[in-house]
Every structure is written in structure tokens, then in C-alpha cells.
Amino acid sequence: MTNDADAEGTEATDYTDTELMIARAARELTDDDTVLVGVGVPNIACNLAKRTGASGLEMVYESGTVGSDPSRLPLSIGDPVLASNARSVVPMVQGFGYYLQAGRIDVGFLGGAQIDKHGSLNSTVIGDYDDPDVRLPGSGGACEIASNVERTLVITPHSRRRFPEEVDFVTSPGYVDGREGREALGLRGGPEAVITDMAVMAFDEAGEMYVTSVHPGVDREAVQAATGWELQFADDLAETTPPTAEELRLIREELDPDGVYTGGE
Amino acid sequence: MTVTDMPTAIESAVDDGDSVYLAGFTHLIPFAAGHELIRQGYEELTLVRATPDLVYDQLIAAGCADAVTFSWAGNPGVGSLRAFRRAVEEGVPNALELDEYSHFGLTSRLAAGAQDLPFVPLRTFLGSDYPDVNEHIRVVENPYDPDEEVVVVPPLTPDVAVVRAQRADRDGNAHVWGIQGELVEAAFAADTVVLTVEELVDESVIRSDPNRTVVTADVVDYVVEEPFGAHPSYAQGYYDRDNEAYLAWDETSTSHEGTVAWLDEWVHGVENRTEYMEKLGAERLLELLPKTSYNTAINMGAYQ
């Protein structure tokens, strides 16, 4: 196992799983990206990226705010701080149509109760659709985000229940029938990275999930045990770079000072 | 066009069994209209909203609905919509027929309704399981390229839409700023429209900034002035979301009995929105007021 530690920052040792996931997700974003942000942890990751090397990152929210510059942590994807000082605010049909569907969004954050080996997500029902064991919120904008951005990023806790071989319901398609199957449906891009509290995963040539790094203190057997299919691991499996002291300071002092999303672990 | 009060507008516009869209995406949710529907004891409504939010959780708990058309049923930023879940999972207080989309799917249906189109195409739903569970979502051949499959959805034309704006004149020409969500599409798609605003203003205020007028008198049937009518959601520039209320509902709604007790106190226990605000108290409302941040005025020009 190698350590891909970042030479620029001092690595911290005292951090939570959530802080690690946020810092790791922020590193997936570049200066040139336009990102469709979700509220909560993805929002913190995007704002962290803006402050740590992706200052040109453009944040768009599904409520129709374009180039948001939130002055405080938004409470929902429709928070007034996403509109105040934004570059533009458009009706939802225009945000989804002119921006997302037209291919103007590079990255989207998605979540769900289940994710399968091809990166398809379920946020609709656990069990049968017509007689569900658990009724989940549904798609929101997730289905169109999964279908129309170049790269989707998923941040989720890692457990056998959340990582079945096949999801109960495909809310947001991943590499359905592999990369070729996805392309044949006319869907753009696809899942890029899955960041959990145990590991980071990417998708291979066939569109199947594999582990690229495991977090400090986690071994591959534990990751496998928390996954509902035989999981592949990269030949050059690495240890996930922990957050730097500066990243932690930004998260704790500026981005989520009350610990709404990062506290209580 | 009638300028009236909310009880009269609701009583005149809505019938039992109607499909009703209380518009507003997190912003400008017409809670006062929802509470009036509950007070007047409506039954068998089809509730349509992208995000049912607390307002539909309350209508469902009150037994006013037997169907919901929606695209994301959660308590935004908090968690589950517990009354909605109880109805779907346990049939309490009654079962609900669901007609489910993604946000773009639902807002596309409204846009088709607003334009009187037979259907609209969209790049969503292929590869998902939604077409298998919703017969309205269909896949057709692209008439210009037989090799391509295209998803289409039909128009949605609610019987009634209640839309909220910051201000309007007495004819129903409304200014909205901040997040618009799907309120314009809902207003133009519905047969009957109730426009409810923070404040009525002179026509000259509206005409001074016509680009900000997103709903016009052409589609509005009733105009209601009701300050704080979107509480506990928010109105940009007027008041913030009352997040304590969203968190409290998460607790209140853990049991059906809890929701009924809340409705008894906060909906049936008050005569109208004014009493609701008096019960909330000035101190709580004042805490929700933002500081001012004015835009830079534009020059429309005065032409001879």
C-alpha cells in the first residue's frame, strides 16, 4: 500500500470521516468546472474547493441559481443566500433545460440510499415500488443530473445495505449495461468517483466500480465486507490522503462553524 | 380580477376533487393557502408540487388529499416528510395515489401545460426505472432521426394554482425576485389562479420594472394580500426561512396524533393568517427579517 500524501499541506491526524470525505471530494473539482451542487456535505466540498485551488469553480443549484456565492451555509437548495449575489437566477425549466440538459454542467453531486456496482443510485423506494418497505424522497433533480453531466460524484456511508449488487429501483442511471449500454441510451458522461467513509472508488473500462484507495486505518477486507458483491481493487491500491490542517480549519471555522453537517461524530 | 381575502379566494377557486398546485420551490410557498384548504375541510384533492414540503405533509395529515403528483418528497435540509411516508407506507390517515417524476420531468409537464402542447421531449428517464412505473413517461421515436429514442411527457394542467409573489398591483401583475422555481409555469398551466403577495403596490411600481413581472393579470383570477403568508418558508428580501419550524415539524410529525394536535392548534385553532401571526408573536417574526441589500437601479429611459 502506498501513500499518495499531498506535499503541499500538513496532514492532520485528528479528523472525522465526514471531514475526510469532504476534503477528498473537493479534490475532484477543478478551476474550470461548473458543478451542480447538492445541499449539505457536497455544498461544503464545493465551497472548500473554491478556497483551495479551484477558485474559478462555478456553482449552480437545481433551484435555478447560477454562479451562487453563499454568504452562509445554505439550509436547503432553495436558500435565499444562493440567490443573493448570484450571477443569475433562472426558472427551473431553464436551469434544467438551458444549462443541464444542454450539456453546460461538468460535474454533479448525487446521493442515495443504495448504489450498485455500476454506479446506479436509488433514492426512490426500498422494496417494491407499489408497496415499499421504505418510501424515500424520490429523484428531485438526480435523474437528469445523472443523465446529463460529464462526471457524477457520490458521497455516501459505506455499508452492505447501501452497496447491494443491484439497487431496488434505478432513480439515477449509472453505467447501466456497462459503459457501452449507457452510451447507447444517449446518456452523457457517468459516475466518476464514489467517496465513502472507508474508501474511494472509480469505474473501470466495463463501467464496474473498483477501489482506488482505502482510508487510513481501514483494510481491504473491511471494505469488501461492507459491500454486497465481489469488489475489485486497483493493482496500485493507495491510502487516501487525509485532510490537511488548512482544509480542516476552513471546514471548521468558515464552512460549517456550527457543525451542522460535520459535527456529532 | 378580484382582490379579496384568502378564505374567499380559496372557497371560490377550489372544489373537492380538484387538482391543486401550491407553487414555490422552497421559496414563496403559499402556506397560508394550504392552511385555509385544511380549515375549509377540502377532500379528495390531487396535490401537485415538485417538492410537497411541509405544506403538503400537513394537507395529507389532515386527510384532504387522495393523490400526489411530485418529484421530491422530503423535508428540505432536514429529512423525511413523515406524514407523506405514513400515508404511502401505512395508509394513514388514507392511502395516496402517486404520480412521480424527476424535477425536470414535472416542470416540463407544467411547461407543456402552460403552452398548450400535446407533449414535450426531454433528456431524462432513459436508463432509470421511472418509465416502468409511470405510464405518463413514454419513449417515442425521434421523427427526425429514427435511430434515436426520445422520452416525452404530457401536459399538466392543474385545476387551480396558488402562486405567491413579493408584490403585485390590484390587477394581478406580479413582481418576483430570488428563486422562481416553477411558479410561472404553474400559473400559466392552471385553469384558475390565486395570486397571493406580501404587499399590494401601485400599478406604477410594476410598470417601472416590467422585466421583473413574471405573472400578468392575463392568467390571474384572484389577488390576495397576505404579509408573511409564506411562513415558515421565506420571501426573498422580506423574511428568511423559519428553520426552527422545519426542525419542529420533524418532531411533531413522528406520530399521526402529533400532526393532528399541531393542526388543531395552528390551523383549526386560529381564524385566519392574522391570528396565526399573532400566535407566532412579533419577536419570532422580527428575528426572520434580513438586513437590506438593494440592487443598483436601472435606467429604463424616458422617451418622447
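1. In chain B, Met6(B), Pro7(B) and Ile10(B) of α1(B) meet Ala32(B), Ala33(B), Glu36(B) and Leu37(B) of α2(B); two residues are in contact if their C-beta atoms, placed from the backbone, lie within 7 Å. By class, this contact has six nonpolar, no polar and one charged residues. Here Ala, Val, Leu, Ile, Met, Phe, Trp, Tyr, Cys and Pro count as nonpolar, Asp, Glu, Lys and Arg as charged, and the others, Gly among them, as polar. Helices (H or I, at least four residues) and strands (E, at least two) are DSSP runs, numbered from the N terminus.

2. The model is predicted: local features need pLDDT of at least 70, side-chain atom pairs count only at pLDDT 80 or more, and totals for chains, interfaces and linings use all residues. Residues are numbered from 1 along each chain as its sequence is written, while chains are lettered from A and ligands numbered from 1 in the order in which they are written.

3. Helix α1(B) (residues 6-13) packs against α2(B) at an angle of about 65°, and their axes are 10 Å apart. Axes are lines fitted to C-alpha atoms, for helices over the stretch in contact, and angles run from 0 to 180 degrees between N-to-C directions. The crossing of α1(B) and α2(B) is right-handed (a crossing is left-handed if the near helix is turned anticlockwise from the far one by less than a right angle, and right-handed if clockwise).

4. Val92(B) and Pro93(B) are joined by a cis peptide bond with omega about -5°, and Pro93(B) belongs to the loop between α4 and β7 (97-100) of chain B. Another cis bond runs from His231(B) to Pro232(B), with omega near 10°; Pro232(B) lies in the loop between β15 (222-225) and α9 (243-252) of chain B. Thr26(B), not a glycine, has a positive phi of about 65°, and is found in the loop between β2 (19-22) and α2 (31-39) of chain B. Most residues other than glycine have a negative phi, and most peptide bonds are trans.

5. Between the chains, 44 residues of chain B are in contact with 41 residues of chain A. On the side of chain B, α4 (82-90), α5 (103-115), α6 (130-133) and α7 (183-189) each supply at least two residues, and α5(B) gives the most, with five. That side divides into 16 nonpolar, 18 polar and 10 charged residues.

6. Chain A is assigned domain 1 (1-105 + 241-259) and domain 2 (107-209 + 218-230); the bounds come from an automatic or database domain assignment. The C-alpha centres of the two domains of chain A lie 21 Å apart. Their contact takes 19 residues from domain 1 and 18 residues from domain 2. On the side of domain 1, α1(A) gives the most, with four residues.

7. In chain A, α2(A) and α8(A) (residues 245-255) pack at an angle of about 120°, with axes 10 Å apart. The two helices are therefore oblique to each other (angles under 35 degrees count as roughly parallel, over 145 as roughly antiparallel, 65 to 115 as roughly perpendicular and the rest as oblique). Ile44(A), Asn47(A), Leu48(A) and Arg51(A) of α2(A) meet Glu247(A), Leu250(A), Ile251(A) and Leu255(A) of α8(A).

8. Confidence is given by pLDDT, the predictor's confidence in each residue, from 0 to 100. Chain A has a mean pLDDT of 93, and 95% of its residues reach 70 or more. Over residues 1-8 of chain A, however, pLDDT stays under 50. Where pLDDT is low, the predicted coordinates should not be read in detail.
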